[in-house]
Amino acid sequence: MRHKFTLLMSAAVLSVSAYAQDFTVGGIKYSVLSDAEKTCQLTDGKSVEGSLDIPASVKNGSSEYAVVKIGEMAFETDSLLTAVSVPSTVTDIDAFAFNKCKGLEKLTLGDNVATIGGSAFGECLLLESVDIPEKVDVLGSSLFKGCASLREVNFKGVVKTIGFS
């Protein structure tokens, strides 16, 4: 009986450590997507002020993870964020990622972004132009809803799916 209990406890400890992989670097929160592939997503950057170059990779202890995704609502309502550069490692930008970033003026998307979720840039009041990379084939609904200053959206490729409201 004692051996059974020890075995169960060991399995529980392994299970907890395998999933407790959220970490913070420079005030920005990340979450491991795949330990085997060494990938992560940016989950919360709401404390960022000014300009941000999202890193292509971040270290957590001795492990380095490629930033491949910007999570849902990661920067939502961060009115002090003025410029963002998304690295080429990022392939997905989730819904509402930059929604209501009312001070966002400049947005540079990496060449490998393929999917941009609904309302990802909604109500970015100062955003004037955006270049949509060639690999983007899915755009969510209301992507630029309420972007009062937006004058130009340049598509470098062919979008296959556009959401609707």
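Phe23 is buried, at 7% relative accessibility, where buried means under 20% relative accessible area, exposed over 50% and partly exposed in between (1.4 Å probe, protein chains only). This is a predicted model, in which local features need pLDDT of at least 70 and side-chain atom pairs count only at pLDDT 80 or more, while totals for chains, interfaces and linings use all residues. Residues are numbered from 1 along each chain as its sequence is written, and side-chain values use heavy atoms, with hydrogens and water left out.

**Aromatic pairs**

- Rings of Phe, Tyr and Trp (its six-membered ring) pair if their centres lie within 6.5 Å; planes under 30 degrees apart count as stacked, over 60 as edge-to-face and the rest as tilted.
- Five aromatic pairs are counted by this rule.
- Phe23 and Tyr30 are a stacked pair, because their ring centres are 5.7 Å apart and their planes lie at 20°.
- Tyr30 is buried, with 2% relative accessibility.
- Phe98 and Phe121 are also stacked, with ring centres 5.7 Å apart and planes at 15°.
- Phe98 sits in the loop between β8 (92-93) and β9, and Phe121 in the loop between β10 (115-116) and β11 (129-132), so this pair ties together parts that are 23 residues apart in sequence.
- Phe98 is buried at 0% relative accessibility, and Phe121 is buried at 0%.
- One aromatic cluster is formed by Phe75, Phe98, Phe121 and Phe144.

**Strands and sheet**

- Helices (H or I, at least four residues) and strands (E, at least two) are DSSP runs, numbered from the N terminus.
- Two strands pair if DSSP finds at least two bridges between them.
- An open sheet is made of three strands in the order β4-β7-β9, with parallel pairing.
- β4 and β9 (106-108) are at the edges and have a single partner strand each, so one side of each has no neighbour in the sheet.
- From one strand to the next, the twist averages 15°; axes are lines fitted to C-alpha atoms, for helices over the stretch in contact, and angles run from 0 to 180 degrees between N-to-C directions.
- β4 and β7 (residues 81-85) run parallel and are joined by four bridges.
- Ser51 has Ala83 as its bridge partner in β7.

**Ser31**

- Strand β2 (residues 28-34) contains Ser31.
- Ser31 has a relative accessible area of 15% and is therefore buried.
- With residues up to four places away in sequence not counted, Ser31 touches Gln21, Asp22, Cys40, Gln41 and Thr43; contact means heavy atoms within 4.5 Å.

**Lys46**

- Lys46 lies in the loop between β3 (39-44) and β4 (50-53).
- Its relative accessibility is 37%, so Lys46 counts as partly exposed.
- Beyond its neighbours within four places in sequence, Lys46 contacts Met73, Ala74, Phe75, Glu76 and Asp78.
- Lys46 and Phe75 are 29 residues apart along the chain, yet their C-alpha atoms are separated by 4.8 Å.
- A polar atom of the Lys46 side chain lies 2.8 Å from the backbone oxygen of Met73.

**Confidence**

- pLDDT is the predictor's confidence in each residue, from 0 to 100.
- The chain has an average pLDDT of 89, and 87% of the residues score at least 70.
- Over residues 2-18 pLDDT stays under 50, and the model has zero contacts beyond four places in sequence for them.

Definitions and conventions:
Polar contact = N/O pair within 3.5 Å; in protein donor to acceptor, adjacent residues only side chain to side chain.
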